[in-house]
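Me: I would like to learn how to read helices and sheets in a model. Can we go through a few features one at a time?

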Amino acid sequence: MVVSAAIAGADFVGRERELGLLGELLDRAWAEEAHTVVVSGDSGVGKTALVMRACADHRGAGEALIGTCLPLTSMSIPFLPIRSALRANPHLVAPPEAPVDGGEREFALRFDAWLDEQTARTPVVLAVDDVQWADRSTLDTLMYAIAGPSSRRLAIVMTLRAGEVGLGHPLQRWLADIRRLPRTSELELGPLDRAATAAQIEALLGGSPHQSLIEEVYARSRGNPYFTRLLLADLTPEARAIPASLPSDLSSAVLQSWFRLSQPTRRLASVLAVGGRAMRADELARIADTAANGSEVRASLLEAVDSGTLDRLADDSFWFHHPLNAEVLEATLGEDERRDWHRRFADDIITNTSGTARSSGSAIALADHRYRAGQQREAFDAALAAAETAGAVSGHSEQLRLLRQAAHLRADLPGPAEPVESIFRRIRAVAAEVGAVAEELDAVEALLAMTDREAHPLVAAELVVRRVHLRFLSGQAFIELSDLQEAERLAAADPSDSVYALALAELAHAELWAGVDGAAEHAGRAVEIARAAGDLRALSHALSALVMEAVFRDASSTVREIAHEAVRAGRESRDWFAYVHALLWESNATVDWGTAGTAEAMRDGRLELEAEDGPHAYAAWLSAIEASNWVMIGRWHEAQAALRVALGSDPGPFGDVHARLAGALLATRQGRQDEAESHLLRVDELMIDGSAFHALEYDAVCAEVRLGSGDSRGAFDAAMKGATAPGSLPTMCEWLMPLAGRALADLAQRARDHGSSAVEPVAELDRLERRFPHVLKDVGEVTPIYRGQLDALEALYLAERLRARADPAESSAWLDAVDGLEACGFAWEEAYARARAAESLLGRDRNRQVGAEMLRSGLARARALGMHPVEAELLDLARRARVPVEEPTRNSANSTGPMPGLTAREREVLALLAVGRTYSEIARSLMISDKTVSTHVSHLLAKTGASNRVELARLVHRVTSDGDVEG
């Protein structure tokens with residue numbers, strides 16, 4: 001199959017499910033069951049890219065005839081897509097020549113007969129792009145082919161712009177006719193979700209994008225891949241927002257359907273765009289002040305519906321099919337004209353609704369129209385009024401926007417009005433409820449600047465504590481001891497107040513991380529005051545500090561009930577920072593890090609938070625930590641699912657950082673180094689200094705990503721930075737010494753491989769070993785599970801040191817490491833250790849039997865994990881050591897010898913069966929369903945005469961070794 005269209009990764013993301021469905025249909029056609037599919041969706045949604053990718057995935061297995069229909073207006077070329085498809089494949093055998101005038105029926109018959117001949121030789125996919133513009137002759141020919149024999153190895157795939165086929169479109173009847181035919185299906189392609197849009201943006205920019213850019217692009221493009229591409233024109237990965245003026249290419253693309261409208265309908269559409277909401281025909285006629293009556297306006301709006309510009313909604317109102325239509329149309333108006341229309345819309349709302357009974361939607365529209373009309377005083381009053389009702393009806397994000405708008409307007413308003421301080425308090429409350437960290441931090445900073453600390457010490461103390469939390473969540477600073485000391489000093493003005501309990505609790509929190517004495521006393525006193533005051537928020541923070549202090553002194557088993565109470569108090573107070581913080585320390589006190597138990601605890605906590613309608617920023621934080629733990633134990637499918645939850649909506653800065661670290665670790669282990677580097681770049685953009693955040697695994701992840709890039713020196717430096725930083729040790733500190741040892745061993749081995757001296761890296765290893773003779777231990781009790789983890793990593797550290805020194809005991813050390821890592825469930829490290837053991841045993845030790853066993857078992861584990869770098873190393877080692885691993889090559893589909901009658905896909909399935917792959921593994925490898933695999937195996941049994949899959953495998957081995965099938 002020859003597919004000339006270039007398919008860039010950025011143009012095809014988030015379509016795995018749809019690709020699988022389309023691939024299955026092609027597989028069925030390849031297996032002698034002709035099938036037709038119509039892929040429908042909006043312009044720019046990726047229909048053509050999907051079809052081209054499916055064809056590319058089947059390259060080598062058949063012939064692709066790809067033609068495109070064009071929106072011709074002044075002329076008609078019969079059979080245009082079929083004509084172009086045939087001409088694009090000059091190697092075809094005797095294709096029929098399409099007539100220019102007349103002979104349509106005769107050509108349809110000749111083309112169908114030619115398809116019979118062609119599909120007897122090889123499977124064929126006939127792809128027709130933009131069938132809504134197809135001429136009548138093409139449609140008749142396609143109908144005849146679709147209704148043809150079911151046994152042909154033929155797939156007909158058509159793309160359809162659904163928005164351009166209204167009720168009166170001539171294609172409607174044709175579509176209704178083919179839907180009644182057997183073996184015909186439809187695949188509706190919707191827009192990408194947020195996570196897939198983020199992936200597309202990252203691919204287009206060549207780097208990890210800011211969340212603010214992702215949010216803005218997704219809000220504007222609504223997941224349309226083509227619009228997303230145009231919105232990002234000339235932007236770099238550092239961009240935080242799209243330009244104020246939309247790119248001209250985007251405006252042209254968005255307004256394609258609008259340009260086809262009559263002049264009166266264009267004008268009405270422009271007025272509707274300024275209105276910013278769905279409207280009925282009579283409303284639009286009233287505001288537009290047109291001489292036309294309501295029925296004429298309605299006819300114009302229906303014209304816009306037929307063109308795909310507008311949608312007719314269930315309540316008989318009309319709005320744009322894509323929101324960018326409205327934005328682009330409004331931008332085409334002059335400033336004065338826009339302001340005049342906004343004033344008229346605002347006046348209409350005042351005239352036709354009463355202030356007391358005005359709906360939330362009308363109140364918000366009034367505020368926005370006044371604002372865009374430049375009526376500052378009226379806009380300020382309207383924004384505050386709309387904010388009162390927006391939260392319950394339109395959501396807190398809308399309420400937050402209105403309050404920010406009011407604060408902006410208040411700065412330039414003379415005379416009496418609601419004090420700006422009051423507005424910032426409301427912004428802070430709403431931002432906390434919705435999890436908008438940046439907005440809440442701005443409000444807290446503004447309120448602190450307005451507060452006289454000595455006159456209102458408790459107010460100032462609470463604001464200082466919250467600022468510490470928000471600076472932590474935004475990546476600006478770790479828990480700041482000096483600020484919390486100041487908060488405690490201010491709150492001491494009333495030692496019985498719950499604010500003093502809050503300040504003491506968070507001071508204890510900071511003291512523990514900084515390694516400063518006094519945490520136990522401060523935490524205990526905070527609990528007493530919070531209980532006496534009956535403040536659940538302060539109590540949650542105080543109890544968490546008490547749990548944290550017990551974990552730090554290895555006495556976590558004594559505070560498990562307290563940990564449960566801290567979580568409960570955080571949830572009931574709806575202080576989501578307190579809730580997540582308490583949940584994390586409850587986990588530290590009750591389960592081991594790097595286990596399914598911790599992952600499940602985070603998942604359960606996230607589900608509980610979501611059930612309470614907590615903000616996604618905190619849910620994302622928990623989901624990202626869940627992903628980290630799944631990564632630790634090699635359950636990478638669960639990790640990917642958790643990361644998708646985290647990044648499915650804006651995760652907030654801290655959730656984003658956690659998710660990026662987990663994503664970087666997974667990506668580098670699976671060999672997606674560019675992706676890993678991109679994740680780390682995003683972390684560095686979000687945080688002032690990742691190493692300063694002891695609650696993160698930043699240093700260990702950095703070290704491993706550096707190793708993945710071949711930067712051993714950078715890996716060593718990253719590991720040492722985490723190991724030697726002041727204060728408590730960071731998360732995943734246990735991995736730092738094995739990673740540092742691995743970096744030095746790589747340097748030593750590289751030197752020896754190049755015939756140089758390894759004296760320098762070995763000397764550095766000696767210094768490392770003297771300073772850190774053992775792996776680092778994190779805070780908390782040494783449970784049996786944790787002891788097993790420490791022992792396994794200790795064995796890994798020792799093996800790396802022996803590798804660096806080329807010590808004869810290296811092989812034995814690697815075998816010990818394999819046993820320990822397998823026992824504690826560290827699957828990635830186990831696969832790596834098996835590879836090192838195989839290398840040592842097959843090299844210096846010449847122990848072929850055990851070395852081959854390690855190689856094959858390591859290869860199996862690496863493949864199960866998708867650990868491509870280790871898999872590649874082991875395959876190279878197998879080749880050099882002449883250890884057979886029965887790995888099918890890329891040409892394995894053709895290596896099954898002279899077995900006539902097998903299709904290319906059947907040969908691929910047979911090659912994988914021969915090396916022991918299961919049906920599910922074959923399905924994943926070839927991106928087809930288990931059922932399709934079963935169908936192929938049935939065909940293979942029938943064609944070869946084998947009675948079962950075992951005989952099929954034996955048959956392959958006989959054919960490939962002897963060149964023919966044994967008698």
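Me: Which residues are buried in helix 45?

Reply: Keep in mind that this is a predicted model. In helix 45, the buried residues are Thr-932, Val-933, His-936, Val-937 and Leu-940. They lie on the same side of helix 45 because they span an arc of only 140° around its axis. The general idea is that an α-helix has 3.6 residues a turn, so residues three or four places apart point the same way.

Me: Which exposed residues does the face turned away from the buried side of helix 45 carry?

Reply: That face carries Lys-931 and Ala-942. Helix 45 itself covers residues 930-944 and reaches 21 Å from its first C-alpha to its last. After helix 45 comes Gly-945, with a positive phi near 80°.

Me: In what order do the 5 strands of the open sheet come?

Reply: In general, strands of a sheet pair through backbone hydrogen bonds, either parallel or antiparallel. Here the order is 2-3-4-1-5, and the pairing is parallel. Strand 2 (63-68) and strand 5 (184-188) are the edge strands, each pairing on one side only. On average, neighbouring strands of this sheet are turned by 15° against each other, direction ignored.

Me: How many bridges join strand 3 and strand 4?

Reply: Strand 3 (residues 124-129) and strand 4 (residues 154-161) pair over 5 bridges, in the parallel sense. Within this pair, Val-125 stands opposite Ala-155 in strand 4.

Me: Which strands does helix 3 touch?

Reply: Helix 3 (residues 80-87) packs on the sheet and touches strand 2 and strand 3. The direction of helix 3 makes about 135° with that of strand 2.

Note on methods: Residues numbered from 1 in each chain as written. Predicted model: local features only at pLDDT ≥ 70, side-chain atom pairs only at ≥ 80, totals over all residues. Heavy atoms only, no water. Helix = DSSP H or I, 4+ residues; strand = E, 2+ residues; numbered from the N terminus. Expected span 1.5 Å × (residues − 1). Buried < 20%, exposed > 50% of the residue type's maximum accessible area, 1.4 Å probe, protein only. Arc of directions from axis to C-beta. Pairing = 2+ DSSP bridges. Axes fitted to C-alpha atoms, helices over the stretch in contact; angles between N-to-C directions. Contact = heavy atoms within 4.5 Å.
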